[in-house]
Amino acid sequence: MSSDLSPSHEARITETAAGWVARARTSGLSAREKIEFLSWLRERPEHAAAADLASQAWAAAPAAMGEVAVPRPVRSSAAARLWRPLAAGGMALGLVIAATLGWRAGCHDLDLATGVGQQHLAMLPDGSRLWLAPQTRAQVAITPLGREVRLAQGEAVFDVVHQWRPFRVTAGDLTVVDRGTLFGVRNRHAGEVSVVLAHGAVELRDTASDTPLLSPRPGEQARRDAQGMHIAPVDAQGLLDWRQGRLVFDHLPLGEALDRFAEQGAPRVRLADPSLARQTVSGAYDIADIASFLDGLTAIMPVRVAHERQGYVIERR
C-alpha cells in the first residue's frame, strides 16, 4: 500500500467518495453497489477518510453551491460512472465543492525544529501530540485524507489520536504506520532507526517499497540498521521519559549513556580509557544534572572525574 497524498491523487479520491455518498443519499445503492462501495472503503484508509469527509460535507453542499465557483475537478473513470446520473441535479457537484472546501480548510503543513538543549511539545491540528527532543527536525503534512510526518533527524515521541485518516512517520528507511497509540522514533545516526512502542499498536514498513516488516508489541523496541531488523523488550516508558526531564538507563553501555546526555545538551564527557565505554549503567537521572550522574559513577566504578576545558574527563583510579 503506497502513501500518495499528492493533491491530484487526493482530489480523485475525494471525487470518488463524493460520488458514492451522493448516490447513496439520493437514489440509494443496489445490493451490488453496496458491496462495491464497502470494497472500495476497505481498499485504503484514505478512502474511508474521504467518505467521512463527504458525509460531513453533505449538509453544507447546498450553501457551497450557491456561494462558490470551483474549477471542474479531475475525474477518475470510476468516479465518472457515479457522476453522470447526478451531475444534472448538481448534488454531486455541490458535495465535491463542499468536500473541497473542507479539504482545503483541513490542510496543514508544519516545519518543526529544536536546537541544542531544547525540547518542544507541538499540538497538531488533529489533536495528536508530538514531543521533539533536542536537535530534531520534522515536517508535518496533514490533509483530510492522511497525516504524514517526516523525521529528518533526531528523536520524537508521538501520542496519536485514532482517526479514519492514517498517521505515518517516515524516518530514513523505516515508516511507522500508527494504529492509535504512544510511540517514540529515534533517527540520530545514518542508517539506523529505532521505534519504541509504549502502548497501542504500530506497523513498521520499508519506506521505499512499503513492504510490511514487523509489528512490535507494547514494551518492545524495534531497530533497523545495516544488519537488518532487530526487536527486544525494553522499559518503553523509561525510554520516553526524556519528555519529563529524565534519562532512564537499563544496563546501557556507559559510552551510549554519555551520548544520551550530550544529545540533551549536557556538557561533553571524555573517557580517558576507551574501554570504559563498555561498562554498563542503570538508573534514572536528571537530564539537567550530569554532575550527580558522574558522582554516582565514582561510587560504583573504580574511576575519578575531573573538570577539563570543555566538560569532564573520566579516568581509571
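Predicted model: local features only at pLDDT ≥ 70, side-chain atom pairs only at ≥ 80, totals over all residues.
1. Aromatic pairs. The model holds nine aromatic pairs. One of them joins Trp 20 and Phe 37. The ring centres of Trp 20 and Phe 37 are 5.1 Å apart. Their planes meet at 20°, so the pair is stacked; the cut-off for stacking is under 30 degrees.

2. Where that pair sits. Trp 20 belongs to helix α1, residues 7–26. Phe 37 belongs to helix α2, residues 31–43.

3. The cut-off for buried is under 20%.

4. An edge-to-face pair. Phe 249 and Phe 261 form another aromatic pair. Their centres lie 6.1 Å from each other, with 75° between the planes. That makes the arrangement edge-to-face. Phe 249 is in strand β14, residues 246–253. Phe 261 is in helix α8, residues 254–263. They are 12 residues apart, and this pair too links distant parts of the chain.

5. Burial and cluster. Phe 249 is buried, at 4% relative accessible area. Phe 261 is buried as well, with a value of 0%. Which residues do ring pairs link into a cluster with Phe 249 and Phe 261? Tyr 285 and Phe 293 are the other members.

6. A charge over a ring. Look next at Trp 131. Arg 243 lies over the face of this ring, 4.6 Å from the ring centre.

7. The sheet. Three strands make an open sheet in the order β15-β18-β17. The pairing is mixed. Which strands form the edges? They are β15 (268–271) and β17 (303–308), and each pairs on one side only. From one strand to the next, the twist averages 25°.

8. The β17 and β18 pairing. Strand β18 spans residues 311–316. Six bridges join β17 to β18, and the two run antiparallel. Arg 304 stands opposite Glu 315, which is in β18. Strands of a sheet pair through backbone hydrogen bonds, either parallel or antiparallel.

9. A helix on the sheet. Helix α8 packs on this sheet and touches β15 and β18. The direction of α8 makes about 160° with that of β15. Helix α8 also carries Phe 261, a member of the ring cluster.

Definitions and conventions
Residues numbered from 1 in each chain as written. Heavy atoms only, no water. Phe/Tyr/Trp six-rings, centres within 6.5 Å; stacked < 30°, edge-to-face > 60°. Helix = DSSP H or I, 4+ residues; strand = E, 2+ residues; numbered from the N terminus. Buried < 20%, exposed > 50% of the residue type's maximum accessible area, 1.4 Å probe, protein only. Lys NZ or Arg CZ within 6 Å of the ring centre and 35° of its normal. Pairing = 2+ DSSP bridges. Axes fitted to C-alpha atoms, helices over the stretch in contact; angles between N-to-C directions. Contact = heavy atoms within 4.5 Å.
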